[in-house]
Amino acid sequence: MRFSDIPGHEGVKERLRALVDSDRMPHALLIHGRPGVGKMSMARALAQYIHCTNRQGGDSCGCCPSCLQHRSFNHIDTHYSFPVLKKGSETVSDDELDRWRRFLTESPYMNFGHWLSLLDNVNGQPAIYVEESADIMRRINLTSHGGRQIVIMWLPERMRVECANKLLKLIEEPLGDSMFILVSNDPESVLPTIYSRTQRVEMLRLPDEAIADYIEQKYSMPRHDALALAHLADGSILQADYRVQNIERQQQYLDLFMRLMRLAYQKRVAELRVWANEVAGLGREGSIEFLAYCLEQIRENFIYHLGVSSLNYLTVDEGRFAQNFHRFINERNVLELTSRLEKTITDIRANGNAKIIMYDFAVRVIMLLRR
Ligand SMILES: [Zn+2]
């Protein structure tokens with residue numbers, strides 16, 4: 001992994017490069033940010049840069065023996081540590097290296113659900129157990145031959161307290177030239193004793209343009225649709241993947257949304273009841289997801305109504321519907337439509353009767369559309 005393989009984050013790359021080039025790299029670095037922005041890739045690119053024997057233009061060369069070892073996850077001085085499921089008396093990540101390499105290859109943006117499925121337990125609660133710290137020390141000692149030893153730890157927030165206490169010593173009094181790169185989705189849950197001893201680097205959300213590039217390339221999707229999805233991905237490649245993989249569901253939501261608005265406009269109350277039952281049939285999570293989709297569509301149509309359609313993020317199909325529909329969403333109803341939707345989500349969350357709640361909402365839409 002080279003810095004140039006990672007989309008965006010130029011400021012972070014610059015800062016890390018400067019730390020290495022000026023030999024000011026701390027013993028423990030904490031790279032944090034929301035899931036799916038490329039933190040693990042950054043950690044790997046940094047380790048490869050540190051080890052590269054032929055750095056050029058602020059990046060690793062990608063072809064020296066060290067870079068080649070990094071590419072195949074076999075670099076002798078790079079040790080991965082990550083949450084695993086409890087097995088027997090000793091549970092350490094070194095035992096799961098094969099699955100780990102597969103994970104890094106298949107899911108470079110570190111989809112936690114994918115890791116669970118590779119561990120053969122989608123409901124598992126993997127952790128970094130107490131034995132891990134001794135094993136990290138063993139691995140460092142075993143390979144120590146003067147090179148810079150780097151431990152890349154994924155999700156330090158899943159480290160057990162006993163493990164953290166032992167690891168603390170290693171961070172405070174490093175063995176030889178060893179260093180830690182911790183990669184966290186949730187730095188506030190990292191034990192304070194560890195957290196306070198790290199230098200922090202935050203990776204922010206990726207810009208929509210960068211996400212759209214990714215979608216366009218990976219899924220060969222037209223630019224316009226890629227941008228619309230990128231906007232919904234909230235700066236995360238993992239969210240973008242999720243959105244793309246759920247396009248069919250999105251189409252279903254659009255159909256339901258259009259039907260609601262048409263039936264409400266025509267005051268077809270009996271058919272609205274059928275509609276409400278259908279939405280309720282999506283189940284609790286499905287209904288909530290659909291209502292969140294409605295919120296997005298109401299917002300987008302209001303923006304359209306304001307005449308700033310350049311700010312719109314709609315797919316081709318959504319845009320087609322909005323062409324006529326946008327004139328029904330205006331200053332007189334947008335706030336109440338929004339708060340009604342939010343209240344409906346709250347009611348469904350509270351396990352209310354979804355059929356009644358959805359029907360009640362649909363009937364209110366009749367009045368709101370006439371304002
Ligand atoms: Zn190299």
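**Figure 1. Glutamine 250 in helix 12 of the predicted model.** Glutamine 250 is placed in helix 12, which covers residues 247-265. In this predicted model, glutamine 250 has 19 other C-beta atoms within 10 Å. A residue counts as buried at 20 or more such atoms and as exposed at 12 or fewer, so glutamine 250 is classed as partly exposed. Phenylalanine 290 lies 40 residues away from glutamine 250 along the chain, and the C-alpha atoms of the two residues are separated by 8.5 Å.

Figure 2. The protein chain contains 17 helices and five strands. Its C-alpha trace spans about 80 × 45 × 30 Å along the principal axes. The domain assignment gives domain 1 as residues 3-204 and domain 2 as residues 246-369. A distance of 44 Å separates the C-alpha centres of domain 1 and domain 2. Of the 371 residues in the chain, 38% count as buried. Considering contacts between residues at least 6 apart in sequence, 73% join residues at least 24 apart.

**Figure 3. The largest nonpolar core.** In soluble globular proteins, nonpolar side chains tend to be buried together. The largest nonpolar core of this model has 91 residues, and those that touch the most other members are Ile31, Ile181 and Ala362. Helix 2 (residues 39-51) supplies the largest share of this core, namely eight residues. Because domain 1 (3-204) and domain 2 (246-369) both contribute residues, the core lies between them. Leaving aside residues up to four places away in sequence, isoleucine 181 touches Leu29, Ile31, Ala43, Leu46, Ala47, Ile150 and Ile152.

**Figure 4. Strand 4 and its two parallel partners.** Strand 4 comprises residues 179-184, and five of its six residues are buried, which leaves the strand mostly covered. Strand 1 (residues 28-32) pairs with strand 4 in the parallel sense, over five bridges. In this pairing, isoleucine 31 stands opposite valine 183 of strand 4. Strand 3 (residues 150-154) also runs parallel to strand 4 and is joined to it by five bridges. Here tryptophan 154 has valine 183 in strand 4 as its bridge partner.

**Figure 5. Helix 9 and its buried face.** Helix 9 consists of the twelve residues 208-219. The buried residues in helix 9 are Asp208, Ile211, Ala212, Tyr214 and Ile215. Seen down the helix axis, these buried residues fall within an arc of 160°, and therefore they line one face of helix 9. The buried residues of helix 9 pack against helix 10 (223-232) and helix 11 (237-245). Just after helix 9, serine 220 adopts a positive phi of about 45°.

**Figure 6. Helix 1 and the residue aspartate 23.** Helix 1 is formed by the twelve residues 10-21. Just after helix 1, aspartate 23 has a positive phi of about 60°.

How values were computed
Residues numbered from 1 in each chain as written. Predicted model: local features only at pLDDT ≥ 70, side-chain atom pairs only at ≥ 80, totals over all residues. Domains from an automatic or database assignment. Core = buried A, V, L, I, M, F, W, Y, C linked by C-beta atoms within 7 Å. Helix = DSSP H or I, 4+ residues; strand = E, 2+ residues; numbered from the N terminus. Contact = placed C-beta atoms within 7 Å. Expected span 1.5 Å × (residues − 1). Arc of directions from axis to C-beta. Pairing = 2+ DSSP bridges.
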